[in-house]
Amino acid sequence: MPDRMSQPSRAVIFFCKVNGIDYEEIKVHISKGQHLTPEFAEINPMKQLPAIADGRFKLFERYPADVFKRSKIHSVLDWHHSNLRRGAAPYVFNTTIAPILGRPLNPQVAAEAEIILSSSLSKLESFWLKGNGRFLLGGNQPSIADLSLVCELMQLEVLDEKDRTRLLGPHKKVQQWIENTRNATSPHFDEVHRVIMLAKERQQHQRLKAAKNEGGSNMKRPLVSRM
């Protein structure tokens with residue numbers, strides 16, 4: 001039960017598509033508060049997305065037991081939620097998304113989140129992508145860790161282009177890794193992130209419209225004589 005504007009939801013859908021897992025996608029719209037309803041709470045008492053329901057079986061969070069075989073991937077995922085997500089999600093929300101959901105922007109939270117995001121991008125570049133591998137931890141094939149983290153960074157697409165370039169521009173290995181993941185998971189990558197790209201187009205249109213309106217207002221301002 002996902003909303004594709006949600007990074008964790010996109011990651012689960014992405015994983016299912018790449019691995020050929022059949023599923024039925026039932027949309028739950030965060031913007032409409034559908035995840036807060038009593039009906040959804042019966043599936044996920046935490047009222048967060050995504051959630052999986054298969055008959056009477058309901059799954060909203062899982063920690064795999066095979067720590068030995070998956071410890072490296074687990075370490076990336078743990079770092080993701082403790083670092084990268086703490087930067088990316090609140091930064092995007094408080095610079096772009098909040099007004100869409102009827103919430104005010106919070107510049108202070110955005111500034112604090114940007115510090116965490118920039119630090120996380122540097123760590124991703126220098127540590128998790130070190131070596132000659134094309135993917136995280138030196139792998140030659142994308143893992144669930146790659147899918148999860150790339151979904152996090154794809155939400156930066158909705159930012160103003162100069163902000164996105166300022167954040168991602170210094171991190172060439174991160175940019176190449178995103179492209180490597182896109183190519184390795186085609187056509188699912190673009191299909192899963194279509195909602196993000198549509199949101200990006202809407203934001204660009206609104207920014208252009210606002211800029212034109214501001215330009216028109218400036219032209220109409222009366223000249224004040226200083227004589």
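Student: How many residues does H7 have, and what is its reach from first C-alpha to last?

Tutor: This is a predicted model. For a helix, compare the end-to-end reach with the expected span. H7 has 13 residues and reaches 18 Å, close to the 18 Å expected at 1.5 Å a residue.

Student: Which residues of H7 are buried?

Tutor: Buried means under 20% relative accessible area. In H7 that holds for Val174, Trp177, Ile178, Asn180 and Thr181. These residues cover an arc of only 160° around the axis, so they lie on the same side of H7. Lys172 and Asn183, on the other side of H7, are exposed.

Student: What covers the buried residues of H7?

Tutor: The cover includes helix H4 (107–128), H5, helix H6 (161–168) and helix H8 (188–192).

Student: Take H5 then. At roughly what angle do the axes of H5 and H7 cross?

Tutor: For a helix pair, read distance, angle and handedness together. The axes of H5 (residues 144–154) and H7 (residues 172–184) come within 11 Å and cross at roughly 115°. The crossing is left-handed.

Student: Which residues meet there?

Tutor: H5 brings Asp146, Leu147, Leu149, Val150, Leu153 and Met154. From H7 come Val174, Trp177, Ile178, Thr181 and Arg182. By class, the contact has eight nonpolar, one polar and two charged residues.

Student: Let me try the reading on H4. What are its reach and its expected span?

Tutor: H4 has 22 residues and reaches 30 Å from its first C-alpha to its last, close to the 32 Å expected. Its buried residues are Ala110, Ala113, Leu117, Ser120, Leu121, Leu124, Glu125 and Trp128. They share one side of H4, because their arc around the axis is only 130°. On the other side of H4, Gln108, Ile115 and Ser126 are exposed.

Student: Now a loop. Where is Gln155 placed?

Tutor: Gln155 sits in the loop between H5 and H6.

Student: Why does Gln155 count as buried?

Tutor: Check its accessibility against the cut-off. Gln155 has 11% relative accessibility, so it counts as buried.

Student: What does Gln155 contact, leaving aside neighbours within four places in sequence?

Tutor: Its contacts are Arg10, Arg85, Ala88, Ala89, Val92 and Ile196.

Student: How far apart are Gln155 and Met197 in space?

Tutor: Read sequence separation and spatial distance side by side. Gln155 and Met197 are 42 residues apart in sequence, and 8.9 Å apart in space, C-alpha to C-alpha.

How values were computed
Residues numbered from 1 in each chain as written. Predicted model: local features only at pLDDT ≥ 70, side-chain atom pairs only at ≥ 80, totals over all residues. Heavy atoms only, no water. Axes fitted to C-alpha atoms, helices over the stretch in contact; angles between N-to-C directions. Helix = DSSP H or I, 4+ residues; strand = E, 2+ residues; numbered from the N terminus. Left-handed = near helix turned anticlockwise from the far one by under 90°. Contact = heavy atoms within 4.5 Å. Nonpolar A, V, L, I, M, F, W, Y, C, P; charged D, E, K, R; others polar. Expected span 1.5 Å × (residues − 1). Buried < 20%, exposed > 50% of the residue type's maximum accessible area, 1.4 Å probe, protein only. Arc of directions from axis to C-beta.
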